[in-house]
Amino acid sequence: MTAGSSSSSKPVKLYGWAVSPFVARALLSLEEAGVDYEHVPMNPDAGDHRRPEHLAMNPFGQVPVLEDGDLTLFESRAIARHVLRKHKPELLGVGELERSAAVDVWLEVEAHQFHPPTLAIVRECIAAPLRGRARDQVVVDENVGKLRAVLEVYEARLGSHRYLAGDNVSIADLNHFTLMHYFMSTEYGPALVGPLPRVKAWWEELAARPAARKVAAFMPLDFGADKKEK
Amino acid sequence: MAPMKLYGATLSWNVTRCVAALEEAGADYEIVPINFGTGEHKSPEHLARNPFGQVPALQDGDLVIFESRAICKYACRKNKPELLKEGDLKEAAIVDVWVEVEAHQYTSALSPILFEVLIKPMLGGTCDQKVVDENLEKLKKVLEVYEARLSKSKYLAGDYISLADLNHASVTLCLFATPYASVFDAYPHVKAWWSGLMARPSVQKVAALMKPSA
């Protein structure tokens, strides 16, 4: 199926292949928000993301893209912010200066501290073998070391706060789910998280959320390798 | 009301990213230097502000926050919320898109170049030209997108300046301290946008802070 070929009249459409943790992050925000949306699948192997129709929506040629009425957005974190600001503003701390600051801090931590080493591990341990490439253990070991140090900070944080940004769950917690889902399926997930009781409990609670369970079904751990189209 | 304290060295483009936002927002703040040479960033006092032992951190009364882009958002939300457009769902979303683009497309290509050219020599290392060249190609692809965007609107999020534009100031000033500033020459709308930003007092303040001391 090519992008933009849907004839649905739903005003909210999310474009992209759901196995991508970025696309799935956006899907999670829509599920958490309880929005009635349509997911428009795309095929990366067919180069759907490089077609002019897609570049008109995301000039960087990436996924996901959200259409919400006449608004077209890209960058998964911006999409998640918009969806939750519109439907569940309490998850951003809208109207509360201190809470919104704490939410922003831990959103940045996800993006700049957690995401890079975790993505590297997932790429080497899951994606590389699926593409017939050997895992680069040097890259894995380096990033496991980095992520270990990051998760120790999380353990301390979750010792004094129920969730990352405070007493209530926020978009900062939610934004971790999709990449963590893949990471926890590698041997390094339980190895790093197992010894950290608060991170473990936080993760288990996150994964138990109905929206997370629903989105997890879109993210098979083999990236849907035995399916032709996602 | 005591001024906000921004902790960090003005050598860091993450610290000076905050200066641009704090200045533009008209915030009352002061810069408190953190001495990396003495390991001050790993001291218990600083780790209490930023548990990753990095700069910047911001203290405003009882509130202590870190991560430069979170600090920038806080400064705008508190002192000049129109820079975030949070009163308007649609405009706020577009600002958010281009704030993410700065981080994940523009600065992700530019900062490895800045690290190789500006920082590594200071640490006694040599510049890896391969890294510079690879990231220059990435940066050019990003600038092509910016050129198309800025030929349609005066600023990145629309015809109004926003935090998305300002977040580019510190790293772009650093680019102009390298031999690679000419990469902008092929993109006239990007050049005009940058000239406009550079003329702003907030960005001039950052430029003045970044001048290396003798």
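Trainee: Leaving aside its neighbours within four places in sequence, which residues is Gln204(B) in contact with?
Mentor: Happy to start there, and keep in mind that this is a predicted model. Gln204(B) sits in helix H9 of chain B, which covers residues 201-210. Once neighbours within four places in sequence are set aside, its contacts are Met198(B) and Ala199(B).

Trainee: Is Gln204(B) buried, partly exposed or exposed?
Mentor: Its relative accessibility is 47%. Buried needs under 20% and exposed needs over 50%. Because 47% falls between those limits, Gln204(B) counts as partly exposed.

Trainee: How far apart in space are Gln204(B) and Ala169(B)?
Mentor: Along the sequence, 35 residues separate Gln204(B) and Ala169(B). In space, C-alpha to C-alpha, the separation is 9.5 Å.

Trainee: Let's turn to charges. How many salt bridges does a search of the whole structure find?
Mentor: Side chains of opposite charge can pair when their charged atoms come close. Over all chains, the search gives a total of 27.

Trainee: Which residue meets Glu110(A) in a salt bridge, and in which helix does that partner lie?
Mentor: The N to O distance of this salt bridge is 3.0 Å, and the partner is Arg25(A). The pair links distant parts of the chain, 85 residues apart, with Glu110(A) in helix H4 (residues 97-130) of chain A. Arg25(A) lies in helix H1 (residues 21-33) of chain A.

Trainee: Are Glu110(A) and Arg25(A) buried or exposed?
Mentor: The cut-off for buried is under 20% relative accessible area. Glu110(A) has 0% relative accessibility, so Glu110(A) counts as buried. Arg25(A) has 2%, so Arg25(A) also counts as buried.

Trainee: Arg133(A) forms a salt bridge with Glu124(A). Which of these two is buried and which is partly exposed?
Mentor: Their closest N and O atoms are 3.1 Å apart. At 8% relative accessibility, Glu124(A) is buried. Arg133(A), with a relative accessible area of 43%, is partly exposed.

Trainee: Which are the edge strands of the open sheet in chain B?
Mentor: Four strands make up this sheet in the order S2-S1-S3-S4, with mixed pairing. An edge strand pairs on one side only, which here applies to S2 (29-32) and S4 (63-66) of chain B.

Trainee: In which sense do S3(B) and S4(B) pair, and which residue stands opposite Ala57(B)?
Mentor: Strand S3 of chain B covers residues 57-60, and its pairing with S4(B) over four bridges is antiparallel.

Trainee: What angle does the direction of helix H1 of chain B make with that of S1(B)?
Mentor: This helix, residues 13-24, packs on the sheet and touches S1 (4-7), S2 and S3 of chain B. Its direction and that of S1(B) make an angle of about 155°.

Trainee: Where is Leu11(B), and what accessible area does its nonpolar surface patch have?
Mentor: Leu11(B) is placed in the loop between S1 and H1 of chain B, and it counts as exposed at 56% relative accessibility. The patch also includes Phe115(B), Met122(B) and Leu123(B). Together they have an accessible area of about 440 Å².

Note on methods:
Residues are numbered from 1 along each chain as its sequence is written. Chains are lettered from A and ligands numbered from 1 in the order in which they are written. This is a predicted model: local features need pLDDT of at least 70, side-chain atom pairs count only at pLDDT 80 or more; totals for chains, interfaces and linings use all residues. Side-chain values use heavy atoms; hydrogens and water are left out. Helices (H or I, at least four residues) and strands (E, at least two) are DSSP runs, numbered from the N terminus. Buried means under 20% relative accessible area, exposed over 50%, partly exposed in between (1.4 Å probe, protein chains only). Contact means heavy atoms within 4.5 Å. A salt bridge is a side-chain nitrogen of Lys or Arg within 4 Å of a carboxyl oxygen of Asp or Glu. Two strands pair if DSSP finds at least two bridges between them. Axes are lines fitted to C-alpha atoms, for helices over the stretch in contact, and angles run from 0 to 180 degrees between N-to-C directions. Patches are made of residues with over 30% relative accessible area and no salt bridge: like charges are joined within 9 Å, nonpolar side chains (Val, Leu, Ile, Met, Phe, Trp, Tyr) within 5 Å. Accessible areas come from the Shrake-Rupley method with a 1.4 Å probe; for residues, only the protein chains shown count as cover.
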